[in-house]
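Please look over the sequence and the structure shown here before reading on. The notes that come after are meant to be read beside the structure.

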Amino acid sequence: MTVSSVAGTAPLDTTITVSTPENVAFDFRLAGPFPRVVALVVDLALLIVSLIFLGIAISLLGGEGGLGLFLFLAFIGWWGYGGLMETFSNGQTLGKRALGIRVVSENGLSINAGQAVLRNILRMADLAPPFFPGVTSMLLTSRFQRLGDLASRTIVVIDGGRAAPRPP
């Protein structure tokens, strides 16, 4: 499959065309930084609310090791939520679903588990202060790819932004 940008008159064209070996072309609209950041904030809010309820439940059950159990589950939630959701929910977390965006491979196919986990593990590198290299990378690449996307060869598109197939 080949990926090429669609020529347009707009100064910033956010549509890409993915062509299959069978000469079927799909147009995808790229999701820019703003909906991606909002989706991340929604996901973080859901994770924080879940951890608050989990912490309350663990404290009510009492017993020794409650803090350790809470920290273990918080670790699993932070590192596993994005990868698991994107693997089993067609490239979407709850935040991405709320914003109508999803992750696909650069060739337009659904992502696999390895891609989902890799891009979510690299989220910490993307958010590293003071320069936030993921945001810088999104602004410098033509497909708004953060470091995790570049490493896992993925793009984030607007769900339903795929047009009907047309000849290349």
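Predicted model: local features only at pLDDT ≥ 70, side-chain atom pairs only at ≥ 80, totals over all residues.

Residues are numbered from 1 along each chain as its sequence is written, and side-chain values use heavy atoms, with hydrogens and water left out.

**Overall fold**

- The chain holds seven helices and five strands, where helices (H or I, at least four residues) and strands (E, at least two) are DSSP runs numbered from the N terminus.
- Followed along the sequence, these elements come in the pattern β-β-β-α-α-α-β-α-α-α-α-β.
- Of the 168 residues in the chain, 35% are buried; buried means under 20% relative accessible area, exposed means over 50%, and partly exposed lies in between (1.4 Å probe, protein chains only).
- Among contacts in the chain with a separation of 6 or more, 58% join residues 24 or more positions apart, contact meaning heavy atoms within 4.5 Å.

**Helix packing**

- Helix H1 (residues 33–61) packs against helix H2 (residues 66–88) at an angle of about 160 degrees, with their axes 10 Å apart; axes are lines fitted to C-alpha atoms, for helices over the stretch in contact, and angles run from 0 to 180 degrees between N-to-C directions.
- H1 and H2 are therefore roughly antiparallel to each other, since angles under 35 degrees count as roughly parallel, over 145 as roughly antiparallel, 65 to 115 as roughly perpendicular and the rest as oblique.
- Residues of H1 that meet H2 include Leu44, Leu47 and Leu51, and among their partners in H2 are Leu69, Phe70 and Leu73.
- The residues of this contact of H1 with H2 divide into 11 nonpolar, three polar and one charged, where Ala, Val, Leu, Ile, Met, Phe, Trp, Tyr, Cys and Pro count as nonpolar, Asp, Glu, Lys and Arg as charged, and the others, Gly among them, as polar.
- H2 also packs with helix H4 (residues 113–121), at an angle of about 150 degrees and with the axes 8 Å apart, which makes H2 roughly antiparallel to H4.
- In the contact of H2 with H4, Trp79, Gly82, Gly83, Glu86 and Thr87 are the residues from H2, and the contact as a whole has five nonpolar, four polar and two charged residues.

**Nonpolar cores**

- The largest nonpolar core consists of eight residues, namely Ile16, Val18, Phe28, Leu30, Val104, Phe144, Ile155 and Val157; such a core is a set of buried Ala, Val, Leu, Ile, Met, Phe, Trp, Tyr and Cys residues joined through side-chain atoms within 4.5 Å.
- Strand S2 (15–19) and strand S5 (154–158) each supply at least two residues of this core.
- Another core, of seven residues, lies apart from it and includes Val103, Ile111, Ala116 and Val156.

**Single residues**

- Val103 is found in strand S4 (residues 101–105) and, at 1% relative accessibility, counts as buried.
- Leaving aside neighbours within four places in sequence, the residues in contact with Val103 include Glu86, Asn90, Ile111 and Val156.
- Asn90, found in the loop between H2 and helix H3 (94–99), has a positive phi of about 55 degrees although it is not a glycine, and at 44% relative accessibility Asn90 counts as partly exposed.
- Arg153, found in the loop between helix H7 (147–152) and S5, has a positive phi near 55 degrees and is likewise not a glycine, and Arg153 counts as exposed at 55% relative accessibility.
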